[in-house]
Amino acid sequence: MINAIWFLLIACGICYAGWQGNIEVVTSSAISGAEAAVTLAFKLIGVMCLWLGMMKVAEAAGIVRAFSKALSPFICRLFPTVPKNHPALGAIVMMMSANMFGLGNAVTPLGIKAMQELQKLNPHKKTASADMCTLLAICTTGFTIVPATIIAIRSAAGSESPAEIVGITLLVSLTATVSTLTIDRLIRLFGQSGSRR
Amino acid sequence: MVRMLEMLSVWIIPLLLFAIPLIGLLRRVKIYEAFAEGAAEGFQTAIRIMPYLVAMMVAINIFRSSGAMDALANFLSPVCDQLGIPQDIVPLAIMRPLSGSGSLGLTTEIIHTFGPDSFIGKLASVIIGSTDTTFYILTVYFGAVGIVNPRYSLFVGLCGDLIGLFASIYICQSVFN
């Protein structure tokens, strides 16, 4: 699916630009996209180092273990094939907390850390395991309690009540997260036969 | 409420940066060395995701700046009208799973055009606050561990975006109208 979508994005863009008579935009946007990706990756280096460094300190101090122990009855149910006390659970808990508190920059490093721990349990290293798909479902619905960025944009635009949307955002993301996890679980239970290549 | 949320979002990172090393110190962890060890992993990971980011951002950039995205939004707007999706939200709905900075830009534009306290302004705020950039997350997270076959997870992620979109519209309509 990802291959088809990747091709479609490029093919549609090129065909449309050609049809509209401004094909030169394809070259410039391809190059600027590639440059932007490298810039982003370089910016990520700093953030990744900072949060994975802190994560290591938290791990050594036993904070991660205490955290995952407290929340493991809940997390274990979401990730049934991860053994209890596996470091993956701690990483998942840290990532979910960072997400909930809207720590935008900290979420990516912690999410990657969680993925790396799940990869250790994955028998097919090139193919996503069911637990990895579940983690991705949690990330993409982005359950957030404090949407800090949007509150800042709203208050900069002169809103009378910038945080008015917080309650509704919470309700919406809870709805989306619960239904997405349900879809994920249904596929896990019933749709596996054909999809594992 | 706003003051409290603003306080929380300003204080939470300094608090974490203080509390984690403090607890480490109390537990006699060599915190400086542990930090450096973790940071070394961060460096390698950021480099490893670069090719996946390039692949994804080139495709999305071509799609967007060729005008194909706007054409798709125009093409879809009668259908979206039937489904109750306001016309001004359609480009944002398409952009949301593709690009975080792109959709944040569109939201800022919508908020400035219609006003932050208009229905469209609030709806755009809720959409941006309650969903995440599916393609970016898939690229970065799976890229970092070398997964090339994401199986059904892209489908599930896009379902989540769609559910988030409709939930935003219906909940906003029943609360604000």
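Which helix of chain B is the place of B:M7? Here are my notes on that and a few other spots.

1. **Ground rules.** This is a predicted model, in which local features need pLDDT of at least 70 and side-chain atom pairs count only at pLDDT 80 or more, while totals for chains, interfaces and linings use all residues. Residues are numbered from 1 along each chain as its sequence is written, chains are lettered from A and ligands numbered from 1 in the order in which they are written, and side-chain values use heavy atoms, leaving out hydrogens and water.

2. **B:M7 and its patch.** B:M7 sits in helix 1 (residues 2–26) of chain B; helices here are DSSP runs of H or I with at least four residues, numbered from the N terminus. Together with B:V10, B:W11 and B:L15, B:M7 makes up a nonpolar surface patch of about 440 Å² accessible area. Patch members have over 30% relative accessible area and no salt bridge, and nonpolar side chains (Val, Leu, Ile, Met, Phe, Trp, Tyr) are joined within 5 Å; the areas come from the Shrake-Rupley method with a 1.4 Å probe, and for residues only the protein chains shown count as cover. B:M7 itself is partly exposed at 46% relative accessible area, where buried means under 20%, exposed over 50% and partly exposed in between.

3. **Helix 4 of chain B.** This helix (residues 68–83) has 16 residues and spans 22 Å from first C-alpha to last, close to the expected 22 Å; the expected span is 1.5 Å times one less than the number of residues. Please look at B:S77, where helix 4 bends by about 45 degrees, with the proline B:P78 following within four residues. The bend is the angle between axes fitted to the seven residues ending at a residue and the seven starting there. B:S77 is also among the buried residues of helix 4, which include B:A68, B:M69, B:A73 and B:C80. Their cover includes helix 1 (2–19) of chain A, as well as helix 3 (50–65) and helix 5 (90–98) of chain B; contact here means heavy atoms within 4.5 Å. Just past helix 4, B:G84 has a positive phi of about 90 degrees.

4. **Helix 8 of chain B.** Here twelve residues (134–145) reach 17 Å from end to end by C-alpha, close to the 16 Å expected. Eleven of the twelve are buried, among them B:F135, B:Y141 and B:F142. Just after helix 8, B:G146 takes a positive phi of about 80 degrees.

5. **A salt bridge within chain A.** Over all chains there are seven salt bridges, each a side-chain nitrogen of Lys or Arg within 4 Å of a carboxyl oxygen of Asp or Glu. In one of them, A:R188 meets A:D131 at 2.8 Å, N to O. This pair links distant parts of the chain, 57 residues apart: A:R188 is in helix 8 (residues 166–190) and A:D131 in helix 6 (residues 130–141) of chain A. A:R188 is buried at 12% relative accessibility, and A:D131 is buried at 5%.

6. **Salt bridges between chains.** A:R154 pairs with B:D117, with closest N and O atoms 3.5 Å apart. The pair crosses from helix 7 (residues 148–156) of chain A to the loop between helix 6 (100–114) and helix 7 (119–130) of chain B. A:R154 is buried at 0% relative accessible area, whereas B:D117 is partly exposed at 28%. B:K122 forms a salt bridge with A:E164, at 3.6 Å between the closest N and O atoms. B:K122 lies in helix 7 of chain B and A:E164 in the loop between helix 7 and helix 8 of chain A, so this pair joins two chains.

Terms used: Buried < 20%, exposed > 50% of the residue type's maximum accessible area, 1.4 Å probe, protein only. Patch = residues over 30% accessible without salt bridge, like charges linked within 9 Å, V, L, I, M, F, W, Y side chains within 5 Å.
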